[in-house]
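Please take me through this model one feature at a time. I would like to know how each feature is read and then what it looks like here.

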Amino acid sequence: TKRTTMFRATGWTIGVLCCIGMVQAQLKLPNVIDSNMVLQREPLAARLWGWDTSGAAIRILLDGEEVAHTTATTNGTWAVDLPQHKASTDHTIVIEDGATNFTLTNIAFGDVYLC
């Protein structure tokens with residue numbers, strides 16, 4: 001019937017749109033990576049991670065200088081270890097993939113304890 005055909009077409013269209021949205025992923029960060037955070041200081045390296053489109057080139061800038069880069073894996077994950085950094089405050093980290101960027105401000109390097 002016309003009604004059944006309309007529902008099938010609508011369902012198919014919604015399914016295709018959902019798939020297109022999943023294919024067009026963009027740079028994303030976990031909630032724990034944000035402004036006003038403390039990252040581990042030397043002698044250990046701080047790790048940043050997130051998600052992006054498979055094959056996307058990710059650049060990390062610390063206070064305007066590129067300190068790391070990587071490529072998103074086939075499942076869309078990426079991770080980088082920052083160079084060791086002395087205890088200090090008031091840094092800016094930019095994470096970018098050419099299309100999207102995150103600017104994280106008021107970043108500190110220090111001792112991080114998880115209890």
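Predicted model: local features only at pLDDT ≥ 70, side-chain atom pairs only at ≥ 80, totals over all residues.

Q: How many bridges join strand β3 to strand β4, and which way do the two strands run?
A: Two strands are taken as paired when there are at least two bridges between them. Strand β3 covers residues 57–62 and strand β4 residues 65–71; they run antiparallel and are joined by six bridges. Within this pair, I60 stands opposite A68.

Q: What lies between β3 and β4?
A: The two strands form a hairpin, with two residues between them. D63 is in the turn and has a positive phi of about 50°.

Q: In which sense do β3 and β6 pair?
A: Their pairing is antiparallel, over four bridges. The bridge partner of I60 in β6 is I95.

Q: Is H91 buried or exposed?
A: A residue is called buried when its relative accessible area is under 20%. H91 has 9% relative accessibility, so it counts as buried. H91 is found in strand β6, which spans residues 88–96.

Q: Which residues does H91 touch, leaving aside those up to four places away in sequence?
A: H91 touches L62, D63, H85, L104, T105, N106, I107 and F109. One of these, D63, is the residue with positive phi in the turn of the β3 and β4 hairpin.

Q: What is the volume of the largest pocket, and which residues line it?
A: The volume of the largest pocket is about 160 Å³. Its lining consists of V32, M37, V38, L39, Q40, A45, A46, R47, V112 and L114. By class, eight of the lining residues are nonpolar, one is polar and one is charged.

Q: Which strand gives the most to that lining?
A: Strand β1, residues 38–40, gives the most, with three residues.

Q: Where is R47 found, and how accessible is R47?
A: R47 is found in strand β2, residues 47–51. Partly exposed is the class between buried, under 20%, and exposed, over 50%. R47 has a relative accessible area of 49%, so it is partly exposed. R47 is also among the residues that line the largest pocket.

Q: Which residues does R47 touch beyond those up to four places away in sequence?
A: R47 touches A79, V80 and D81. The C-alpha atoms of R47 and A79 are separated by 6.9 Å, although the two residues are 32 residues apart along the chain. With D81, the side chain of R47 makes a polar contact of 2.8 Å.

Technical notes: Residues numbered from 1 in each chain as written. Heavy atoms only, no water. Buried < 20%, exposed > 50% of the residue type's maximum accessible area, 1.4 Å probe, protein only. Contact = heavy atoms within 4.5 Å. 1 Å grid on protein atoms, 1.4 Å probe; cavity = no way out; pocket = protein on both sides within 12 Å on 5 of 7 lines; lining within 4 Å. Points joined across faces, edges and corners; volume = space filled by probe spheres on them. Nonpolar A, V, L, I, M, F, W, Y, C, P; charged D, E, K, R; others polar. Polar contact = N/O pair within 3.5 Å; in protein donor to acceptor, adjacent residues only side chain to side chain.
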